[in-house]
Amino acid sequence: MIHLSKKQAVQRLIHSLGKNVQSSKTVRQNETEITVAKENLPEVCSLLSLEKGGRLFTMVGNDERPIIGHFALYYVFCFDKIGHFITVKALIEEADPVFPSIAVRVPSANWYEREVADLFGLRALGHPDRRPLILHGDWPEDQYPLRKDYSGNSDIARQPDRDSFMEYTGRDVTQIPVGPIHAGIIEPGHFRFGSVGDTVLHLDAKLFYTHRGIEKATEGVSLKKALFTAERICGVCALSHAVAFAQAVETAAQVTIPARAMYLRTLFLELERLYNHIGDLGNLCAGFGLAVGISQGSRIKEQLLQLNENLTGHRYLRGVVTLGGLRLDISNKEIITISEVITKLEADFEEFIDIVLSHEVALDRMTSTGILSLGQANDLEVVGVAARASGRNIDIRRDKSYAAYGLLKFDVPIYTEGDVLCRFKVRADEVRESLRLIHQILEDIVPGPVVTEVTEIEPYTTAMGWVESPRGEICHWLMVGPNQTIYRYRVRSAAYSNWPAVPLAVPGNIVPDFPLINKSFELCYSCCDR
Amino acid sequence: MFEIIRKIFKIGTVTNLQPLQQASVKYRGKVKVEAGNCTGCGKCIEACPSGAIGSCSSSDKVYLCLTHSKCIFCGACYDACGDNAIQVTNNCYIAVKDKNELVELSPIMLQSNRQVL
C-alpha cells in the first residue's frame, strides 16, 4: 500500500468530490474548508461520510446576513485516520430558506438538521422527521431565536401545542407515558413506551425541555466572560466544556499554552473523569438495587470531590481554566497529596468493582441488557463510553490529542457486546487508565508559568475546540465577532450525539430494565439542550 | 456475600461532621470589599460576568453595590482588582432570612469618569 502524506491524502479527498467543490481553502494546518452549492450537499456529504470514512463531527447553522448577506451551513467531518477536518460550507439565501437533507443517507445528521429548522428557519427538504426538536409545539412557527434580527429578550406569546407524540394503538399494545417530571431528581424528559406485556416494543423519547438559550445568550458577549457561561453548560462536565471553549479561543488566536498548563489541564480533566465514572458505576447499581454498590460508589466519589475542593476551591472544578492556560497552579505539596489519595483509592476501587462483578444478580441484570449494536453505533456516530462498549474504536484524546495527552501513555478499552455490562466494564477500565494517567502526570509535570496572553483575534475567525468529556467527545464551534466577542457559538455535547441511540437499545428489554439501560448511558439532558 | 459484609465492616461510618467554621482554604465564598483600599475605579464592575457587582445611585452620587444573590463565585472581580480591595473569603455560610440583606451598599463612591452600568 502506498503511504500518502497528510497533504496528499487531503488533496485526494477534495479531488474525489470533483466539480461539486466551488472553492477550497486551508483554514489551518488540520482543517480545510470547502464551499459547495446547497444542491450538492447530499452528494458531497454522503461521499465524505459513507465512502471516505469521515464522521460528522458537528453541524452548525449560522446567520451571516450581517456579514455576507446569506445564511451558512457548516458540516464538519473528522477524518481520524489522517487527523484532518473537512468543513463543507453551503450558503443559503434568505429568500429561499431550504436545503436538501442529508439525514436519510447520513442518519447522524438527523438532529442537527431539525435544530437548524427550529432555530434558524432553514428547512431540510426530504428530512424523514418533520417534528420540531428543540422548541416543541407551543412556540410560534415564524419566530427563529438564533437569527440575528431576533432579540434574546423578546417576550413570545405561546400558542396551543401543535406537537404530536408517537401514539401506540392496537389490542395488545400498552402505552406507558413517563415524565417529563420524574419521580427521582433527574432532569426532565418524556419517554413513551409501547409495550406488549412487560416487553418494550418501541420507545419514543422527547427531550429539550430545558432549553436555556445559552448559544443566543453568549452572542455579543466578550470571550472572557463567555468562559463562565461555557463552564456552566453542564454540571458534571463543567471543566470539559470550559477547556473545549478555551481551546477554541486559543486556536482562533493561534496561541500555544505553556507546557505546565497543558499537564495541569490534563490532570484536572482526568480528575473530572474519575469522579464521574466512579459515581456512575455506583449509580448503575441503583438500576438493580445493589445498595452496597451505590454507597461505595458515592463514598469514593466524595473523596475525589473533596480532593477537587482542596486543590481548586471547587468540588466540580469550576474556575480552574482561563483563556490561555489556568487560573491556578498547584504546589509540590499538593502533588504529594494527590498521589496519596489516588494510591489509596486504587485498592478501594478494585474491591468495589469485585463486589459488583462477583454478584450473581448484578451480572444477571447487566448481561445482554440494552444492547446497542456496532452498526447502530456507527450509523448514529455515537461517542464516548457507549461507543467503546459497542466496539466503535474512537477516543478523541488519542485520535486528535489536545492538552498533554499526546505525551502520555494510555489505552482505550474496547468491548464488543454493547450491553450494560460492557458499558460498566468500559467505565471501570477507564478509571484504571485515568489513575495511570494521573500517576504519569505527577511524575512528568514540568515547572513554569501556567498562563499566557491570548492575542487579539481577527473578526469572523472560526475555530473549534474538542475534549473527551466523561460522557464522550464534545465539540465547541466558535465564530469570533468584532471586539473579541462571540458571533456564533455552537456546543455539541456528548449527550447530543448519544441520546438518539438510547431508544434503539431499549426495545426487546423489559420495562423495569429501562432505568438500568438509561443509567448505563448516563447522559445529561441540559447540556444536550443547552 | 462474605466480601460485601467484610467491606461494610472495614469501611465503617464515613459521614463527616459538618465543618461549622469554614470551608477549605481555596474555597471561593462570599466576596468582601475592603473599603480602605478601593479607589472606585470600577474595574470589578466591568469584569463581573453576572452583574453581581454594580453601581447604585443615591442623592446624585454613585456607589459600589454588591448583590450577593447574583454572585456565581467565579472570582473574576478579584482577578481584575489591582488595588487589593476585593477579597474572596472562604465563608460559605451565606444564607439569610431576609432577601434584602443580600444587597450590600458599600460606602465607596465610584470615580465619576466611569460609565454607570
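Gln484(A) is partly exposed, because 16 other C-beta atoms lie within 10 Å; buried would take 20 or more and exposed 12 or fewer, partly exposed being in between, with C-beta atoms placed from the backbone. This is a predicted model, in which local features need pLDDT of at least 70 and side-chain atom pairs count only at pLDDT 80 or more, while totals for chains, interfaces and linings use all residues. Residues are numbered from 1 along each chain as its sequence is written, and chains are lettered from A and ligands numbered from 1 in the order in which they are written.

Let's look at the backbone next. Most residues other than glycine have a negative phi.

Helices (H or I, at least four residues) and strands (E, at least two) are DSSP runs, numbered from the N terminus. Phe208(A) counts as buried because it has 22 C-beta neighbours inside 10 Å.

Is Phe352(A) buried or exposed? With 24 C-beta neighbours inside 10 Å, Phe352(A) is buried, and it sits in helix 10 (residues 332-357) of chain A. Leaving aside residues up to four places away in sequence, Phe352(A) touches Gln296(A), Gly297(A) and Ile300(A); contact requires C-beta atoms, placed from the backbone, within 7 Å. Pro503(A) is 151 residues from Phe352(A) in sequence, and their C-alpha atoms are 30 Å apart.

Finally, the two chains meet: 13 residues of chain B are in contact with 13 residues of chain A. Chain B's side has seven nonpolar, two polar and four charged residues. Nonpolar covers Ala, Val, Leu, Ile, Met, Phe, Trp, Tyr, Cys and Pro, charged covers Asp, Glu, Lys and Arg, and the others, Gly among them, count as polar.
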